[in-house]
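Subject: Structure handover

Hello,

Here is the structure I promised to pass on. Please open it first, then read the notes below.

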Amino acid sequence: MSKIAEYKALEAQLAEHLAQLDALKNDKAMQREIEFESKLRALMAEYGVSLRGLISIMDPQTGAAVARPAGTKAPRKLKVYKNPNTGEVVETKGGNHKVLKAWKTEFGAEVVEGWLQ
C-alpha cells in the first residue's frame, strides 16, 4: 500500500471515529453517566472514601475479596486424618506430614484421603 493510500485510509478512520465521538457526546444516556460519575467522585472525595472502600460498603462480599493485599494468601485449613486400623489421629495443614506420607505410601493416597474427618 502506498503512503498516500495509507494516509487517506487513516484519515477516513479518524473522521469516522470523530463522528462516533461526537454522537456519544450528544447522547443523553452518556451525559447522565458522566454527570453521575463526577457527582460520585466528588462525594467520595468529600467523605474521604476510596473506590475500594465504596465497593466494600456497597457489596461486602466483593469488597473483602478486593481488599486483600496482593501476595497475601488465606491460611490453610486444618485437616484431621484418622487411621481406622490403629485409631491414630494426624492433624496437619499441609501434605508434608511424616506420618501422613508414610500412610500414603503404605495404603495409597486415595485410601488415606478417605480417612479425612
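Helices (H or I, at least four residues) and strands (E, at least two) are DSSP runs, numbered from the N terminus. By that rule the protein chain has six helices and two strands. Their order along the sequence is α-α-α-α-β-β-α-α.

Two notes on the basis. This is a predicted model, where local features need pLDDT of at least 70 and side-chain atom pairs count only at pLDDT 80 or more, while totals for chains, interfaces and linings use all residues. Residues are numbered from 1 along each chain as its sequence is written, and side-chain values use heavy atoms, with hydrogens and water left out.

Overall shape

The protein chain has a radius of gyration of 30 Å, whereas a compact globule of 117 residues would be near 13 Å. That radius is taken over C-alpha atoms, and the globule rule is 2.2 Å times the number of residues to the power 0.38. Along the principal axes, the C-alpha atoms fill a box of roughly 80 × 55 × 20 Å.

Burial is next. Buried means under 20% relative accessible area, exposed means over 50%, and partly exposed lies in between (1.4 Å probe, protein chains only). Of the 117 residues, 9% count as buried.

Tyr81 sits in strand E1. It is buried, with a relative accessible area of 2%. Leu100 belongs to helix H5 (residues 98-107). Leu100 is buried too, at 1% relative accessibility. Now take Tyr81 and Gly53. They are 28 residues apart along the chain, and 41 Å separates their C-alpha atoms.

Salt bridges

Side chains of opposite charge can pair when their charged atoms come close. A salt bridge here is a side-chain nitrogen of Lys or Arg within 4 Å of a carboxyl oxygen of Asp or Glu. How many turn up in a search of the whole structure? The search finds three.

- Lys39 and Glu35 meet through their side chains at 3.0 Å, N to O. They are four residues apart in helix H2 (residues 28-47), so about one helical turn separates them. Lys39 is exposed at 53% relative accessibility. Glu35 is partly exposed at 41%.
- Glu37 and Arg41 form a salt bridge at 3.2 Å, N to O. Both lie in helix H2, four residues apart, about one turn of the helix. Glu37 is partly exposed, with a relative accessible area of 40%.
- Lys104 pairs with Glu113, and their closest N and O atoms are 3.3 Å apart. Lys104 is partly exposed at 26%. Glu113 is partly exposed at 34%.

Surface patches

Patches are made of residues with over 30% relative accessible area and no salt bridge. Like charges are joined within 9 Å, and nonpolar side chains (Val, Leu, Ile, Met, Phe, Trp, Tyr) within 5 Å. Lys and Arg count as positive and Asp and Glu as negative; His and the chain ends are not counted. The place of a charge is NZ of Lys, CZ of Arg, CG of Asp or CD of Glu. Accessible areas come from the Shrake-Rupley method with a 1.4 Å probe, and for residues only the protein chains shown count as cover.

Which residues gather in the positive patch? They are Lys73, Arg76, Lys77 and Lys79. Lys73 is in the loop between helix H4 (60-67) and strand E1 (79-82). Lys73 is exposed, with a relative accessible area of 76%.

There is a nonpolar surface patch as well. Leu14, Leu18 and Leu21 form it, with about 290 Å² of accessible area together. Leu21 lies in helix H1 (residues 3-25). It is partly exposed, at 44% relative accessible area.

Best wishes
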